[in-house]
Number of protein chains: 2
Amino acid sequence: MRTSPLYGAIEAGGTKFVCAAGYGPGGIAEDCRAVIPTGAPGPTLMTVVEFFRQVARKHGALAAIGVAAFGPVDIDTRSATWGRILATPKPGWSDVSVVAPLERFGCPVAIDTDVNAAALAEARLGAGAGLGSLAYVTVGTGIGGGVFVGDRTIKGLLHPEMGHIRVARDPRDQDFAGTCPFHGDCLEGLASGPAVMARWHTRAESLPEHHPGREVLGGYLGQLAATIALMISCERIVFGGGVVSGGRLLPYIRQAASQWLGGYLPVEARAGGFERYITAPGLGESAGIAGAFLLAMQTARRQPAG
Amino acid sequence: MRTSPLYGAIEAGGTKFVCAAGYGPGGIAEDCRAVIPTGAPGPTLMTVVEFFRQVARKHGALAAIGVAAFGPVDIDTRSATWGRILATPKPGWSDVSVVAPLERFGCPVAIDTDVNAAALAEARLGAGAGLGSLAYVTVGTGIGGGVFVGDRTIKGLLHPEMGHIRVARDPRDQDFAGTCPFHGDCLEGLASGPAVMARWHTRAESLPEHHPGREVLGGYLGQLAATIALMISCERIVFGGGVVSGGRLLPYIRQAASQWLGGYLPVEARAGGFERYITAPGLGESAGIAGAFLLAMQTARRQPAG
């Protein structure tokens with residue numbers, strides 16, 4: 001007979017929902033994983049529910065479910081709209097609750113942003129294992145960031161939306177208007193995948209070795225890294241996503257952050273230098289789903305024993 | 001006989017040390033307050049110790065002492081240099097421990113930055129009473145910021161140093177090099193008291209009503225407010241210090257932040273609009289010393305009963 005509790009984990013993304021069940025981030029059974037393309041909310045969520053129904057039928061009841069969702073999403077447990085996707089350009093998804101369909105499993109459900117969940121997982125199990133604070137940034141179609149500090153992820157008015165900070169322009173990049181529909185030339189408008197495509201008509205991974213675009217992108221993202229260090233004082237900053245990894249941008253990001261901070265913060269003395277301070281994800285593509293497991297495990301621990 | 005514990009509180013500033021003792025931030029006895037000008041570390045700290053010795057002789061032993069210190073300061077309790085001022089331009093103060101002289105009182109000592117302590121006090125007792133997250137910014141000789149979120153203040157690699165973030169330049173302010181010795185035209189280099197003086201040869205409070213400087217300064221500080229909202233998602237942002245209050249900059253700060261965020265965050269729906277979201281301190285000049293009391297009370301609660 002099984003003694004350890006079974007958890008459900010969902011990484012709810014704009015293109016796919018990754019669903020898994022297991023005894024923790026490292027214990028996913030072969031038949032307990034599904035990737036569901038993100039379509040209209042109704043059918044997508046119905047397929048998710050059906051997956052967990054089958055899991056429960058086979059392996060027993062779920063102890064808790066953790067959801068790592070694309071944003072903006074209401075993660076404030078005191079709010080009447082907790083668990084709902086907020087105003088989003090994704091057709092049909094505005095105001096849809098991603099937790100309500102899970103209530104039928106009769107177990108606690110926790111939800112956080114995908115990047116907050118990834119920050120939690122990287123801080124507990126990945127590139128920052130053992131550290132007390134970590135920021136996780138992903139650069140792709142959009143730019144998102146999550147923060148783990150003081151033993152939890154950050155939320156408040158909403159949740160971190162650091163892709164939309166304003167940045168100082170690179171002198172070589174003064175004429176581009178930016179692609180963000182809200183802000184034009186915010187960080188996301190200048191350094192996301194679509195912004196790379198709009199300016200240089202290619203993907204970041206296809207920019208030639210000495211193309212100035214790498215330095216321009218690294219400069220903007222390094223400005224974010226420096227801003228994270230100065231605003232939140234994280235012990236590690238993790239950069240994931242196709243634009244960074246494909247574009248091999250980490251060295252440029254480190255250089256720009258180091259240049260701006262100019263020895264002002266104890267990065268050498270206390271973080272072992274910029275090579276260690278600004279780094280790739282330790283969990284690769286699995287940070288989000290691992291974070292969803294950790295959310296489920298946290299919320300199960302907080303419930304009174306049944 | 002006294003039954004409630006007596007706490008010591010110190011606001012250790014660059015120009016003065018404010019010392020107080022009492023049963024909490026609201027319960028300071030008339031003879032339990034001293035303002036000691038900040039001189040060389042030895043004599044200054046000796047005067048502080050003498051003040052608390054007299055207090056203890058008269059009112060009994062201190063249960064705990066809280067220190068709200070100027071930075072940079074090591075507030076990491078796991079660090080070997082915990083409680084020391086780090087590299088600072090203040091003559092003689094680099095590497096000085098502000099907690100070691102207090103050990104003779106045989107009670108727990110807690111230390112945080114002055115602005116973190118002020119954020120804590122404003123979140124518990126001031127402009128954000130009842131909220132779960134708040135940022136406190138002060139603009140004077142320098143620009144400092146503290147953050148309260150998830151029931152504690154933020155620390156990690158160091159502590160927030162948000163005065164030194166890079167900002168996008170106002171088109172009317174392209175030629176000024178900035179006054180920050182580390183970064184030149186970081187926020188502090190563009191919007192602190194010395195930066196106002198260097199550009200316009202006057203203090204912020206003396207800028208004429210329609211001087212463009214107000215809008216320029218408000219724009220930079222509004223950029224910080226928007227960055228705080230996007231990075232940390234605080235429920236309230238408090239701006240204190242002579243440059244803001246004297247210069248009557250709050251309306252400009254709100255306008256710039258609102259303009260940049262452009263409806264992207266639920267400031268209207270969830271914070272009651274920018275008037276309430278970005279605000280003056282509720283505790284005025286007392287936020288730092290009130291925060292020091294709260295630090296003392298927190299650390300006393302965490303100790304096993306004696």
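This is a predicted model: local features need pLDDT of at least 70, side-chain atom pairs count only at pLDDT 80 or more; totals for chains, interfaces and linings use all residues.
Local features were taken at pLDDT of at least 70 and side-chain atom pairs at pLDDT 80 or more, while totals for chains, interfaces and linings use all residues; side-chain values use heavy atoms, without hydrogens and water. Residues are numbered from 1 along each chain as its sequence is written, with chains lettered from A and ligands numbered from 1 in the order in which they are written.

Chain B was laid on chain A with an RMSD of 0.0 Å. The superposition was by least squares on the C-alpha atoms of residues with pLDDT of at least 70 in both copies. In chain B, the C-alpha of Ala168(B) is the nearest to the axis, at 2.1 Å. Of the interface residues of chain B, 100% are also interface residues in chain A, so the copies meet through the same surface.

Three cavities of 30 Å³ or more were found in the structure. A cavity is a set of points on a 1 Å grid over the protein atoms alone where a 1.4 Å probe fits but cannot get out; lining residues have an atom within 4 Å of a point. Grid points are joined across faces, edges and corners, and the volume is the space filled by probe spheres set on the points.

The largest cavity has a volume of about 70 Å³. Its lining includes Arg152(A), Thr153(A), Arg152(B) and Thr153(B). Strand β8 (152–153) of chain A and β8 (152–153) of chain B are the elements that give two or more residues to this lining. The lining residues of the largest cavity comprise four nonpolar, four polar and two charged.

The second largest cavity holds about 50 Å³. Among its lining residues are Gln223(A), Thr227(A), Gln223(B) and Thr227(B). Here, α5 of chain A and α5 (212–232) of chain B are the elements that contribute two or more residues.

In chain A, helix α4 (residues 193–200) has Ala195(A), Val196(A), Arg199(A) and Trp200(A) buried (under 20% relative accessible area, 1.4 Å probe, protein chains only). Helices are DSSP runs of H or I, at least four residues, and strands are runs of E, at least two. Seen down the axis of α4(A), the buried residues fall within an arc of 100°, so they line one face of the helix. The arc is that of the directions from the helix axis to the C-beta atoms. These residues pack against α3 (187–191) and α5 (212–232) of chain A, with contact meaning heavy atoms within 4.5 Å. Just after α4(A), His201(A) takes a positive phi of about 55°.

Key: Buried means under 20% relative accessible area, exposed over 50%, partly exposed in between (1.4 Å probe, protein chains only). On a 1 Å grid over the protein atoms alone, a cavity is a set of points where a 1.4 Å probe fits but cannot get out, and a pocket is an open set with protein on both sides within 12 Å along at least five of seven lines; lining residues have an atom within 4 Å of a point. Ala, Val, Leu, Ile, Met, Phe, Trp, Tyr, Cys and Pro count as nonpolar, Asp, Glu, Lys and Arg as charged, and the others, Gly among them, as polar.
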